[in-house]
Amino acid sequence: MLSTGHDDVISSLPDAVLCHILSFLETKEVVATSVLSKRWTRLWDSVPLLNFFAELSDREAYFRFNEFVYSVLLAHKTSIKRCTFDILYDNYHLAHLGFPNVIKWINAVVQCGVERLYIYIESYDNIFKLPISILSCKTLVVLDISTLTAKGFSSVRLPSLKILRLNETNFLNVQDLVLLLAGCPILEELLALHLEFDSDDSLTYQELESLSLNKLRIANLAGTICHFPLKALHNVELLDIEINKVYRSFDDISTFHNLTNLRLYSNNCNMNLLVKVLKHCPNLQNVELKQGSAIGMVEDVMENWVDPTFVPQCLSLQLKTCIMRHFLGQESEIQFTRYILKNARVLQTMKIHCGEDLEIEKELSLCPRASSTCELIIIQ
Amino acid sequence: MAQEASSSTSSKTISLKTGDGEIFEIEASAAKQMKTVQRLIDDLGDDITIPLHNVFSKELPKIIEYYKKDITGEITKDFEAEFVKDLNDDEVKVLFLAANYLDANKLFEFLSQNIADRLESKSVEYVRKYFGVENDFTPEEESKLREERAWSFRGIKEDE
């Protein structure tokens, strides 16, 4: 009895509620509901969220998918709030056929005032080139792209963009990356993982100084080895970055006043440089140091530790946790660890991840600690 | 006598009466999360037992359980998974309708996602039954649509 009552009620739900349920489905399924009844043929194209997933390995699948995406985009009545293209072209030929269509689709979606755009196009031999129409999309709030090339653009205007996620994206040079970022004045979150550059021209002083991302709170540049303008990141609260040969002196960067959590990937690193970094982060509470870059290379640590003559403010007042990964047990690393333990007054945890055969526990547990509540944890 | 809202809302409980006559108590702060209930409180006062004609004693306790966790900030993915684990598709539907009626946004969103997940690769017939939809296509019209939308029907089970 009760269930029939509910059937009547559920079918009398307004279109908006039914569309809401549909918005959690993949577009493929949403379109399938068009076959439920005549009423439902009118519902599916009002769902403002579109997502297209496909792994295309044969021509039939390729053609059907193409037809499908075109029909959805053409039928779409409302503006598209969110759109995902997650497509794998299993062979060169299909990718070659397919890419021009993807460009048309992206352009169409951009014209519909899309706010959140996710583009993951994979193909074994080809790399998809980002349509530059995206770079002047006034409505875009989130842009998330993976395994693409971003080249051939000269102006970027993304006035609404708050979140930019670039994964394995290929640029001509760092200047282009800076140009892209300069066009995102209200950016709050930046992920720039494993970026690649055709040439490693360094930035001019002018270029280093000019970029400013005042609203940026989160920046993760793991795996991206380049001469990145650190000054632009001066307001961030969370930062993941590769410290490498480029940041040798660290003298001319500004202070990171809001930085509370820092993760550094350092390859062939000068441990004194790490102390200098801490000096620029007066409010740092949590730091993680990973030997070897995020790409996975590990080189030996430089052996030239000199006891610093200063104590960074964060050590005296703020630093609560310090984590060291891929600890090699070399002399300057031990000296660095000793220095931190000796000076970090409010440190609660010092955690060291190292190889099984390393015998540092005894030596380190005997180091004087400035913080009486500091716990030393060694994980092998 | 009308009570001052500010001083006692934190510990105040509201009485709700279901369509089948049972009475349940919830914290006033939980009631706030259900806009329909809050509107009724605003109109009728918080001393009166609020009548909910379209919600029944089977589902209301579950809804109260959800919002009890919500006001203490304890809603996690694990809790939500556990919450729907033993419910069948029809029971979720009933909860969803209740959440819609009560204008309980958080629960509504969560259950929308859950229903979508459950329907994800079900057959067209199943979805029709679930939403109480009457098929007003002729067999020819339906098969034409299916052909046009061939990509959509890859991988979806069909009932016999």
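Good morning. Please keep in mind throughout that the model is predicted.

I begin with chain B as a whole. Nine helices and three strands are found in this chain. Read from the N terminus, the order of its elements is α-β-β-α-α-β-α-α-α-α-α-α. Chain B has 160 residues, and 44% of them are buried. Its accessible surface amounts to about 8900 Å², with carbon and sulfur atoms contributing 49%. As for the contacts in chain B between residues at least 6 apart in sequence, 60% of them link residues at least 24 apart.

Which residues make the contact? From α4(B) they are B:Lys62, B:Glu65, B:Tyr66 and B:Lys69, and from α5(B) they are B:Phe79, B:Glu80 and B:Phe83. Sorted by class, this contact of α4(B) with α5(B) comprises four charged residues, three nonpolar residues and no polar ones.

I turn now to chain A, and to A:Leu50. This residue lies in strand β1, which spans residues 49–56 of chain A. Is A:Leu50 buried or exposed? Its relative accessible area is 4%, so A:Leu50 is buried. Setting aside residues up to four places away in sequence, A:Leu50 touches A:Thr27, A:Val72, A:Leu73, A:His76, A:Ile80, A:Arg82, A:Cys83 and A:Thr84. A further reference point is A:Tyr339: from A:Leu50 to A:Tyr339 the separation is 289 residues in sequence and 54 Å in space, taken C-alpha to C-alpha.

The second residue of chain A is A:Ser371. Where is A:Ser371 found? A:Ser371 sits in the loop between α12 (361–365) and β17 (375–379) of chain A. With a relative accessibility of 4%, A:Ser371 counts as buried. The side chains of A:Ser371 and A:Thr373 make a polar contact at 3.2 Å. Apart from neighbours within four places in sequence, the residues in contact with A:Ser371 are A:Ala344, A:Arg345, A:Val346 and A:Leu347.

In chain A, A:Leu50 is buried in its strand, and A:Ser371 is buried in its loop. Thank you for your attention.

Methods: Residues are numbered from 1 along each chain as its sequence is written. Chains are lettered from A and ligands numbered from 1 in the order in which they are written. This is a predicted model: local features need pLDDT of at least 70, side-chain atom pairs count only at pLDDT 80 or more; totals for chains, interfaces and linings use all residues. Side-chain values use heavy atoms; hydrogens and water are left out. Helices (H or I, at least four residues) and strands (E, at least two) are DSSP runs, numbered from the N terminus. Buried means under 20% relative accessible area, exposed over 50%, partly exposed in between (1.4 Å probe, protein chains only). Contact means heavy atoms within 4.5 Å. Accessible areas come from the Shrake-Rupley method with a 1.4 Å probe; for residues, only the protein chains shown count as cover. Ala, Val, Leu, Ile, Met, Phe, Trp, Tyr, Cys and Pro count as nonpolar, Asp, Glu, Lys and Arg as charged, and the others, Gly among them, as polar. A polar contact is a pair of N or O atoms within 3.5 Å; within protein, one must be able to donate a hydrogen and the other to accept it, and residues adjacent in sequence count only if both atoms are side-chain atoms.
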